[in-house]
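Here is a short report on one protein model. Look at the structure first, then read on.

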Amino acid sequence: MITHLTRYPVKGLSGEALEALRLIAGEGIAGDRAVAIAREAGVFDPRAPEAKSKLHFLMLAKDEALAALDTQFDDGTQMLTVRQRGDQSNGPALMASVQTDAGRAEIAQFFKTYLGKDGLDPQVVSAAGHKFTDISVVSAEKMRAISLVNIASVRALEEATGRKIDHRRFRANVYFDGVPAWDELNWVDRTIGIGEASATVVKRTKRCPATDVNPDTAARDINLPAEIRKHFGHFDMGIYAEVQASGEVSIGDALELG
């Protein structure tokens, strides 16, 4: 059963929890990781989009302070709104459009100041049809894959470590339950039904230090890749799947192995 659905409009920033979404054949989720913030100007050319390593962009693996920001993105206006968690002021810390030069410059300056890292020269980047997924460097097709996490596997990791582990650390699009822990890692090349849609599992998801970051406190409080390796002999949590047949997906829908 589907338990949570999440879209991430801007790579590295907070996710948008949804009650329902549409999976699109060959495309995945519209607007998911459609925008990124490059660490340096000129890294990404929107006129000739090319997949780049996640190391070129702001991301939790290197910039844990991003987890202390609550962000919203409006598809219609292309406005990014940022609020700093715990800030008692009335207005947002940032509200700017990713479509205008002025808006992109404002966003870049905000993150340069907020992160305060030497050598950081942020640039807001996007290109029609391009997704800044971690798997984009594998192939253009896999760039559009969606990510799924089995909540039972998260519970197994909790039991092994003796720690409460928030599923949001894994930044998946689709979370599901009712399947034995780790069973999903054996689904590569299998077809799964996700609500009204169907997809082919293409890859296990190897985890990086982004999962170390607590989504509530923005602190690195546990080395999850090391813990997964220690207790289960691999670094994986979740799977990637390419959508083959479009359809609506809602929380509570079934996830079925074909």
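## A buried threonine

T205 is buried, at a relative accessible area of 4%. Buried means under 20% relative accessible area, exposed over 50%, and partly exposed in between (1.4 Å probe, protein chains only). T205 sits in strand β13, residues 197–206. Helices (H or I, at least four residues) and strands (E, at least two) are DSSP runs, numbered from the N terminus.

Leaving aside residues up to four places away in sequence, T205 touches F235, D236, M237, G238, I239 and Y240. Contact means heavy atoms within 4.5 Å. The T205 side chain also reaches the backbone nitrogen of I239 at 3.4 Å.

## About the model

This is a predicted model: local features need pLDDT of at least 70, side-chain atom pairs count only at pLDDT 80 or more, and totals for chains, interfaces and linings use all residues. Residues are numbered from 1 along each chain as its sequence is written, and side-chain values use heavy atoms, with hydrogens and water left out.

## Helix α4

Helix α4 spans residues 224–232, and its buried residues are L224, P225 and I228. They cover an arc of only 105° around the axis, so they lie on the same side of α4. The arc is that of the directions from the helix axis to the C-beta atoms. These buried residues pack against α3 (151–161) and β14 (236–245).

N223 caps the N-terminal end of α4: a side-chain oxygen lies 3.1 Å from the backbone nitrogen of A226. After α4 comes G233, with a positive phi near 80°.

Technical notes: Polar contact = N/O pair within 3.5 Å; in protein donor to acceptor, adjacent residues only side chain to side chain.
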